[in-house]
Amino acid sequence: MFKHLSILLIIVSLSSCQAQKTDREIEDEFVKKYAPADLNTHGFTLAVDSKVPEVHQLFNDLEANFYFYGDKEEFEKKAAKIRELDPNYPSGVLMSGFYVQDPEEYKKMVTKAYHLSRKSTMKSERDIMQAEYSLLVEEDYLKAQKYFQKVVNMYPKSAAAIWSLGMAYYYNDEYDKALECYKKSTELIPNLPKGYEFMSVMYYQKKQYKKALEYLELAKKYGANTKNDIYFAEYEHIAYYKNGLYEKTMKSIEKAQTYGPYFKNSESLKKTYQAAKAKLDSIQLSNQ
């Protein structure tokens, strides 16, 4: 009797050990099962919570498009395709709102993604959506940090997760911590323009304008451009202005305003242009 009981306990013990997989192991198995064998992650390692193989590649392509300033039309086509193939994939809904200009409309999409994530099979997906919801809708930045940190703990080599954690620090005015996150993202992916862009923004916030310009130029070197991101355009010209590059600021804004109505109607670009022109006119008058 005792012999049989011992054998039973060993079997139960072994079964328990086998069942206790980490969240990361569970997600890796899911991706291995459903992702294409030749999946190109572009250096990003976050899991895709979809049983549709094509969605795995499309979403990784979207991440690369966002972080590397890819073509806007291509981004929107792929985002639409994801929602067609798997309309309940939370991150697909979230990313498809990237070019939505109306803040309230964007919040609705974040909220929808958050509610979809509550049925998600993946912990990282739920944590990411909770973090994004806290960051962009609730504006509870400490809560966002907590959830992004959970994802970073699961995916410590994910530049996307670490960069996102940086955003939660940035929104809470914790510039040094945010800077460390952005720096780490560029260590993981050395040619990551979004990483260098926000390193530049952090130095700008710390009033280190020369440093800000240095990292802005690095971001541009690796692909950051005004045409694909109006927010980058607005920041770029403010950084030029703060470094006394008034003529360059004006010429660059004039070019940016040809990129479409959002650029032409940007109040930020208009104000920066007027300020640069006033400075340049003042310098020219004093030299006469």
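This is a predicted model: local features need pLDDT of at least 70, side-chain atom pairs count only at pLDDT 80 or more; totals for chains, interfaces and linings use all residues.

User: Which residues line the largest cavity?

Analyst: The lining includes the aromatic residues Phe-66, Tyr-69, Phe-75, Phe-98 and Tyr-99. Asn-65, Gly-70, Lys-194, Asn-228 and Asp-229 also line the cavity. By class, that is five nonpolar, three polar and two charged residues.

User: Now the pockets. What is the volume of the largest one, and which residues lie nearest its centre?

Analyst: The largest pocket holds about 1300 Å³ of space. Its lining has 47 residues, and Phe-66, Phe-98, Trp-163, Met-167 and Tyr-171 lie nearest the centre. Elements giving two or more residues to this lining include α3, α5, α6 and α7. Others among them are α8, α9, α11 and α13. The largest share is seven residues, from α9. By class, the lining counts 32 nonpolar, five polar and 10 charged residues.

User: How do I read the second largest pocket, and which element gives the largest share of its lining?

Analyst: Take volume, centre, elements and class in turn. The volume is about 320 Å³. Of 16 lining residues, Lys-72, Tyr-99, Lys-227, Asn-228 and Phe-263 are the closest to the centre. Two or more residues each come from α4, α13 and α15. The largest share, three residues, belongs to α15. The classes divide into eight nonpolar, three polar and five charged.

User: On to single residues. What does Gln-57 touch beyond four places in sequence?

Analyst: Start with the element, then look for contacts. Gln-57 sits in helix α3, residues 53-67. Beyond its sequence neighbours, Gln-57 touches Asp-38, Leu-39, Asn-40 and His-42. With Asn-40 there is a polar approach: a polar atom of the Gln-57 side chain lies 2.8 Å from the backbone nitrogen of Asn-40.

User: Is Lys-221 buried or exposed?

Analyst: Compare the relative accessible area with the cut-off. Lys-221 has 61%, so this residue is exposed, since exposed means over 50%. Lys-221 belongs to helix α12, residues 209-221. Its C-alpha atom is 8.8 Å from that of Asn-191, 30 residues apart along the chain.

Notes
Residues are numbered from 1 along each chain as its sequence is written. Side-chain values use heavy atoms; hydrogens and water are left out. Helices (H or I, at least four residues) and strands (E, at least two) are DSSP runs, numbered from the N terminus. A polar contact is a pair of N or O atoms within 3.5 Å; within protein, one must be able to donate a hydrogen and the other to accept it, and residues adjacent in sequence count only if both atoms are side-chain atoms. Contact means heavy atoms within 4.5 Å. Buried means under 20% relative accessible area, exposed over 50%, partly exposed in between (1.4 Å probe, protein chains only). On a 1 Å grid over the protein atoms alone, a cavity is a set of points where a 1.4 Å probe fits but cannot get out, and a pocket is an open set with protein on both sides within 12 Å along at least five of seven lines; lining residues have an atom within 4 Å of a point. Ala, Val, Leu, Ile, Met, Phe, Trp, Tyr, Cys and Pro count as nonpolar, Asp, Glu, Lys and Arg as charged, and the others, Gly among them, as polar. Grid points are joined across faces, edges and corners, and a volume is the space filled by probe spheres set on the points.
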